[in-house]
Amino acid sequence: MVKTTNMGGGTGRRSDRDLKVRVKTSKGRKIGSTLWLQRQLNDPYVARAKAEGLRSRAAYKLIEINDKHKLLHKGMRVVDLGAAPGGWSQVAAPIVGSTADHPLVVGIDYLDMDPIEGVILLKKDFTDDDAPQLLIDALGGHKADLVLSDMAAPTTGHRATDHLRIMHLVEIAADFAIQILAPGGA
Ligand SMILES: C[S@@+](CC[C@H](N)C(=O)[O-])C[C@H]1O[C@@H](n2cnc3c(N)ncnc32)[C@H](O)[C@@H]1O
């Protein structure tokens, strides 16, 4: 059970004082989990994602990246690495015009994902040897125009280990992108 205390209003950079909801620690929940839960409950992007039917606050990262760099265009083929729960694919699919009949977006994650209209979702570890080929097959053998990666390994709390793990994912994503992208791809 989540025990919360309503802390009143507050905007901008949050201090402990202006949190709307403070989560009390409870038996069996680690302090890190309690703080994560508290951040989630007080995060305006989490609330906005819920209200707008987006699966993750991460969806707004892609919206902002796309506003700035204009990466997504109609007809593009897109690969979404580390797609769960599906926020980035949800944003990309309508912009490129991906449909069930003509899917242009393929996402991969080792976690379960609920279906997203117009998106092919593979439940698979991207580091598996056969993952790149499965993604290429899902695109009907076509090259991709855009490779997105938001892959992040679960953190261990050991900064050097976490850094190495995330950099490994960045490197294999970049290597895959170099192989699979059509000329002019991003
Ligand atoms: C920050 S979340 C992605 C959020 C997503 N962009 C969204 O908008 O919903 C990072 C994801 O990377 C996935 N991930 C980490 N390592 C992976 C791997 N080796 N293969 C596939 N997915 C991986 C995790 O399971 C997690 O779902």
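In which loop is lysine 70 found?

Guide: This is a predicted model. Lysine 70 is found in the loop between α3, residues 59-69, and β3. Its phi is positive, about 50°, although lysine 70 is not a glycine.

The peptide bond that joins alanine 84 to proline 85 is cis, with omega at about 0°.

A polar backbone atom of alanine 84 is 3.2 Å from an oxygen atom of the ligand. For glycine 86, a backbone N or O atom lies 3.1 Å from a ligand oxygen. At glycine 87 the distance from a polar backbone atom to an oxygen atom of the ligand is 2.9 Å. On its own the ligand has 610 Å² of accessible area, and the protein covers 88% of that.

Around the ligand there are 20 residues, of which Ser56, Asp109, Asp125, Phe126 and Asp150 come nearest. By class, this shell holds 11 nonpolar, 5 polar and 4 charged residues.

The ligand takes up the space of the largest pocket, which holds about 870 Å³. Its lining is made of 35 residues, and those closest to the centre are Gly82, Ala84, Pro85, Asp150 and Ala152. The lining as a whole divides into 18 nonpolar, 6 polar and 11 charged residues.

Several elements of the fold contribute to that lining. At least two residues each come from α1 (31-42), α2 (44-51), α4 (87-96) and β4 (105-109). Of these elements, α2 can be followed from end to end. Its N-terminal end is capped by aspartate 43, which has a side-chain oxygen 2.7 Å from the backbone nitrogen of tyrosine 45. After α2 comes glycine 53, with a positive phi near 75°.

Note on methods. Residues numbered from 1 in each chain as written. Predicted model: local features only at pLDDT ≥ 70, side-chain atom pairs only at ≥ 80, totals over all residues. Heavy atoms only, no water. Near = heavy atom within 4 Å. Polar contact = N/O pair within 3.5 Å; in protein donor to acceptor, adjacent residues only side chain to side chain. Areas by Shrake-Rupley, 256 points an atom, 1.4 Å probe, with all protein chains shown as cover. 1 Å grid on protein atoms, 1.4 Å probe; cavity = no way out; pocket = protein on both sides within 12 Å on 5 of 7 lines; lining within 4 Å. Sits in = over half its atoms within 2 Å of the grid points. Nonpolar A, V, L, I, M, F, W, Y, C, P; charged D, E, K, R; others polar. Points joined across faces, edges and corners; volume = space filled by probe spheres on them. Helix = DSSP H or I, 4+ residues; strand = E, 2+ residues; numbered from the N terminus.
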